[in-house]
Amino acid sequence: MRRVATRSVALLLAACALLATPSMVLAKDVPLRIYLDGRPLDRKTSSGLVHRGVSFINVVRATKAFSGLLIFGKNDRSVQVTIRQHRAAFVIGQRGGMLLERPTIFPAPPFELYGDIYVPLTAIAILADVRVSVDVERGVARLTTGQQSGRLPAAHASESGLSWLPARVGATSR
């Protein structure tokens, strides 16, 4: 009897562990080391990841890097980010949100992973008015301030769903 109870508890714990693991993370996800003007946002761990072909950044690390303001919603799983007087609003699990005071459909919904919230890297780059380039093979994303191209490439704009934007970000991928 005791042996059956022990096995039952072990199975129950294993099932809880599987359910507690975020379903958003896939084996194909690629961690991203994110650099701002050549300096890593975090020296110990990656600050972003490529999930389902879209680059994401940890919203807390991004906001700190640009000395922004971060507000978490109480009951609606929302996050508001203000960087350099520009604002974005995200809702975990929903593609719709606000960017630069306009309704926007993001390329993929923000998500939570192990208590951290990840938002599309393109949206943060637009808020901070920086250039972004992502090298998925090397697991590196580079954000560069100053000397903006002033154009959002048409292919990138249509893929990200942000084609309405005044051209603010130049993005390249290798």
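**View 1. The open sheet of five strands.** An open sheet of 5 strands, in the order β5-β6-β7-β8-β9, is paired in the antiparallel sense; strands here are DSSP runs of E with at least two residues, helices are runs of H or I with at least four residues, and both are numbered from the N terminus. Two strands count as paired if DSSP finds at least two bridges between them. The edge strands are β5 (69-72) and β9, each of which pairs on one side only. On average, and with direction ignored, neighbouring strands of this sheet are turned by 20° against each other, where axes are lines fitted to C-alpha atoms, for helices over the stretch in contact, and angles run from 0 to 180 degrees between N-to-C directions. Helix α3 (residues 121-128) packs on the sheet and touches β6 (78-83), β7 (86-91) and β8, while its direction makes about 35° with that of β6; contact means heavy atoms within 4.5 Å. The model shown in this and the following views is predicted, so that local features need pLDDT of at least 70 and side-chain atom pairs count only at pLDDT 80 or more, whereas totals for chains, interfaces and linings use all residues. Residues are numbered from 1 along each chain as its sequence is written, and side-chain values use heavy atoms, with hydrogens and water left out.

View 2. Strand β8 (residues 94-99) is joined to β9 by 4 bridges, and the two run antiparallel; glycine 96 has isoleucine 105 as its bridge partner in β9. Glycine 97, which also has its place in strand β8, is buried, with a relative accessible area of 17%; buried means under 20% relative accessible area, exposed over 50%, and partly exposed in between, for a 1.4 Å probe and protein chains only. When residues up to four places away in sequence are not counted, glycine 97 touches Ala89, Arg102, Pro103, Thr104 and Phe106. From C-alpha to C-alpha, glycine 97 and valine 79 are 9.9 Å apart in space, although 18 residues apart in sequence. Threonine 104 lies in strand β9 (residues 102-105) and is likewise buried, with a relative accessible area of 4%. A polar atom of the threonine 104 side chain lies 3.1 Å from the backbone oxygen of arginine 102.

**View 3. Strand β13 between two partners.** Strand β13 (residues 140-144) pairs with strand β1 (residues 30-36) in the parallel sense over 4 bridges, and with strand β12 (residues 131-135) in the antiparallel sense over 5 bridges.

View 4. The structure holds 3 aromatic pairs, and rings of Phe, Tyr and Trp (its six-membered ring) pair if their centres lie within 6.5 Å, with planes under 30 degrees apart counted as stacked, over 60 as edge-to-face and the rest as tilted. The rings of phenylalanine 56 and phenylalanine 111 have centres 4.9 Å apart and planes at 70°, so this pair is edge-to-face. The pair links distant parts of the chain, since phenylalanine 56 is in strand β4 (residues 54-58) and phenylalanine 111 in strand β10 (residues 111-113), 55 residues apart. Phenylalanine 56 is buried at 0% relative accessibility, and phenylalanine 111 is buried at 2%. Together with Tyr118, Phe56 and Phe111 form one aromatic cluster. Leucine 49, in strand β3 (residues 48-51), is buried at 10% relative accessibility; its contacts, leaving aside neighbours within four places in sequence, include Phe56, Phe111 and Tyr118.

**View 5. Two loop residues with positive phi.** Aspartate 37, in the loop between β1 and β2 (39-40), has a phi near 50°, a positive value in a residue other than glycine, and is partly exposed, with a relative accessible area of 43%. Arginine 84, found in the loop between β6 and β7, has a positive phi near 50° and counts as partly exposed at 45% relative accessibility.

Definitions and conventions. A polar contact is a pair of N or O atoms within 3.5 Å; within protein, one must be able to donate a hydrogen and the other to accept it, and residues adjacent in sequence count only if both atoms are side-chain atoms.
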